[in-house]
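Here is a guided look at one protein model, taken region by region. Please keep the sequence and the 3D view open as you read.

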Amino acid sequence: MALDMQDGIAELKAALPAGAWTQDIDIIAPHLTEWRDKYFGQTPIMLTPRSTQEVSDAVRICAKHKLPIVPQGGNTGLVGGQTPQNEVLLSLKKMTAIREVNPTSNAMIVEAGATVQAVHDAADTANRKFPMLIASQGSCTVGGILSTNAGGNHVLKYGTTKELVFGVEVVLPSGEIFNGLTSLRKDNTGYDLNRLFLGAEGTLGIITAASLKLFPKPGFVQRALLAVESATIAVALLDTLRAGGQLAMFEVMPAIGYRAVVDNIDSAKDPFDARHPWYVLVDWEVGSEAEGAALAENLLGKAFEANLIRDAVIAQSDTQAIQLLNIREHMSAGQKFLGGSIKHDITVPIDKIPEFFALADAAVEAVVPGSRPVGFGHFGDGNIHYNIAQPEGADRETFLANWDALSQPIFDICDELGGSISAEHGIGIMKREDLAARADPVKMSLLRSIKAALDPDRIMNPRVMV
């Protein structure tokens with residue numbers, strides 16, 4: 001280690017409580033590998049502060065010695081942004097407090113290390129709903145979803161994470177604390193500084209707490225799993241099912257991904273007697289069970305009459321509703337049974353989804369013949385997880401070596417259709433160069449100017465985004 005790093009680490013160890021740092025390699029090891037085993041890291045020390053003040057103290061010392069920092073939440077990120085490469089690793093895992101729940105203001109103040117599931121539970125106790133529905137909610141943290149502007153399954157009705165936040169508390173690169181925690185729905189006093197840090201991936205500061213928006217709990221959630229002929233039909237079906245404004249979820253799965261789940265995951269069972277090309281999982285949020293049944297009967301009846309649906313399963317109990325959601329929630333895990341997978345998190349205008357599939361599937365076949373596209377996800381907001389499974393019988397590592405060769409034509413198609421190369425997973429390390437090459441030059445200049453203004457010494461997640 002360089003002398004200044006040695007001095008900085010020594011000062012961190014002297015200044016912070018013994019429980020707020022570790023150099024134990026066994027404790028640190030799980031924080032250095034992301035769950036897909038794509039990124040592996042190293043760090044001279046992991047900080048585990050228990051308060052905003054401890055984060056501030058740590059960052060001041062790092063700033064003094066110009067030690068770069070990588071903040072980490074639940075370590076569920078998919079673009080490498082949370083994996084240190086010899087930077088100081090700062091984990092928020094000990095900052096899990098639910099500071100306040102205010103049903104009158106429909107607001108909740110929580111610390112950044114709290115899991116999304118813990119937020120759900122606290123909101124539920126107050127007879128409220130926090131509408132971030134995401135497969136990793138038992139392990140992903142508030143700081144992580146804010147830093148990547150995660151989406152999830154309810155974006156169609158409630159919006160991305162940015163729309164679910166009143167404000168944030170952030171430790172800046174100087175160690176100063178910005179307190180934007182509020183429950184005000186109207187505040188017209190200057191720039192909206194809070195939103196600077198949402199989706200910034202820890203490059204402008206470390207989010208330590210947030211004031212989140214809560215919503216009234218729906219009286220009943222009517223869930224159904226539908227079988228359809230194609231992605232084109234699925235998009236056409238969306239307009240029918242969102243009539244009345246009660247549609248909260250519209251998730252689409254192709255047969256290859258669906259079968260990978262129901263054939264391999266013990267807790268996921270196929271409720272249909274026959275196999276189908278595509279599947280759509282929907283939620284309507286309504287006032288009562290009777291209202292949900294009537295709505296499903298009405299809208300699905302219209303869809304059947306229009307030949308948009310081949311078959312349908314309407315959840316008849318809470319248990320069956322969970323079982324249906326379980327299929328969608330295991331789409332990532334199921335794909336491991338298909339071998340190597342090259343993954344993309346893209347978005348295109350909803351009306352361009354069928355065109356995207358036609359172009360992307362052809363492009364993939366041209367680069368690696370026999371590759372198996374698995375395009376699924378949040379069609380209600382245009383977000384597609386366009387993953388590509390290796391050809392049957394292919395060597396996994398040989399196939400994964402095509403990551404860039406397969407990604408570039410996919411990104412070209414996104415650009416052509418007016419889409420985005422990153423919908424909800426962020427830029428991280430994986431897409432940093434693609435962002436620089438593809439983004440509007442004025443946008444990149446602004447991003448770099450903001451980074452330079454807030455973090456002139458580039459100590460905050462310096463390898464990420466810009």
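The report below goes through sheets, helices and a few single residues.

## About the model

This is a predicted model, in which local features need pLDDT of at least 70 and side-chain atom pairs count only at pLDDT 80 or more, while totals for chains, interfaces and linings use all residues. Residues are numbered from 1 along each chain as its sequence is written, and side-chain values use heavy atoms, with hydrogens and water left out.

Helices (H or I, at least four residues) and strands (E, at least two) are DSSP runs, numbered from the N terminus. Two strands pair if DSSP finds at least two bridges between them.

## The five-stranded open sheet

Let's begin with an open sheet of 5 strands, ordered S5-S6-S10-S8-S9 and paired in the antiparallel sense. Its edges are strand S5 (98-102) and strand S9 (177-179), each of which pairs on one side only. From one strand to the next, the twist averages 15°; axes here are lines fitted to C-alpha atoms, for helices over the stretch in contact, and angles run from 0 to 180 degrees between N-to-C directions.

Within this sheet, 6 bridges link strand S8 (residues 165-171) to strand S10 (residues 206-213) in antiparallel fashion.

Which strands does helix H3 lie across? Helix H3 (residues 52-65) lies across S5, S8, S9 and S10, and runs at about 45° to S8. Helix H4 (residues 116-125) lies across S5, strand S6 (107-111) and S10, at about 145° to S6.

The buried residues of H4 are Val116, Val119, His120, Ala122 and Ala123, where buried means under 20% relative accessible area, exposed over 50% and partly exposed in between (1.4 Å probe, protein chains only). These buried residues pack against S5, S6, strand S7 (128-129), helix H5 (142-148) and S10, with contact meaning heavy atoms within 4.5 Å.

## Two asparagines with positive phi

Just after H4 comes asparagine 127, with a positive phi of about 60°. Asparagine 127 sits in the loop between H4 and S7, and counts as partly exposed because its relative accessibility is 48%.

Asparagine 75 also deserves a look: its phi is near 60°, a positive value in a residue other than glycine. Asparagine 75 belongs to the loop between strand S3 (69-72) and strand S4 (88-91). Is asparagine 75 buried or exposed? Asparagine 75 counts as buried because its relative accessible area is 13%.

## Strand S4 and its parallel partners

Strand S4 is covered on both faces, with Val88 and Leu90 buried on one side and Leu89 and Ser91 buried on the other. Strand S2 (residues 46-47) pairs with S4 in the parallel sense over 2 bridges, and methionine 46 stands opposite leucine 89. S3 is also parallel to S4, paired over 4 bridges, with proline 71 opposite leucine 90.

## Leucine 164

Leucine 164 is found in the loop between helix H6 (155-158) and S8. Leucine 164 counts as buried because its relative accessibility is 1%. Leaving aside neighbours within four places in sequence, its contacts are Phe130, Pro131, Met132, Tyr158, Gly159, Leu212, Lys213 and Phe215. Leucine 164 and leucine 212 are 48 residues apart in sequence, yet 5.9 Å apart in space, C-alpha to C-alpha.

In strand S13 (residues 247-254), 8 of its 8 residues are buried. S13 runs antiparallel to strand S14 (residues 278-286), joined by 7 bridges, and valine 252 stands opposite valine 280 of S14.

Helix H7 (residues 231-241) and helix H9 (residues 289-305) have axes that come within 10 Å and cross at roughly 140°. Leu237, Thr240 and Leu241 of H7 make the contact with Leu299, Leu300, Lys302 and Ala303 of H9. By type, the residues of this contact are 5 nonpolar, 1 polar and 1 charged; Ala, Val, Leu, Ile, Met, Phe, Trp, Tyr, Cys and Pro count as nonpolar, Asp, Glu, Lys and Arg as charged, and the others, Gly among them, as polar.

## Threonine 347

Our last stop is threonine 347, in strand S17 (residues 345-347). Leaving aside neighbours within four places in sequence, threonine 347 is in contact with Asp381, Gly382, Asn383, Gly419, Ser420 and Ala423. A polar atom of the threonine 347 side chain lies 3.1 Å from the backbone oxygen of glycine 382.

Conventions: Polar contact = N/O pair within 3.5 Å; in protein donor to acceptor, adjacent residues only side chain to side chain.
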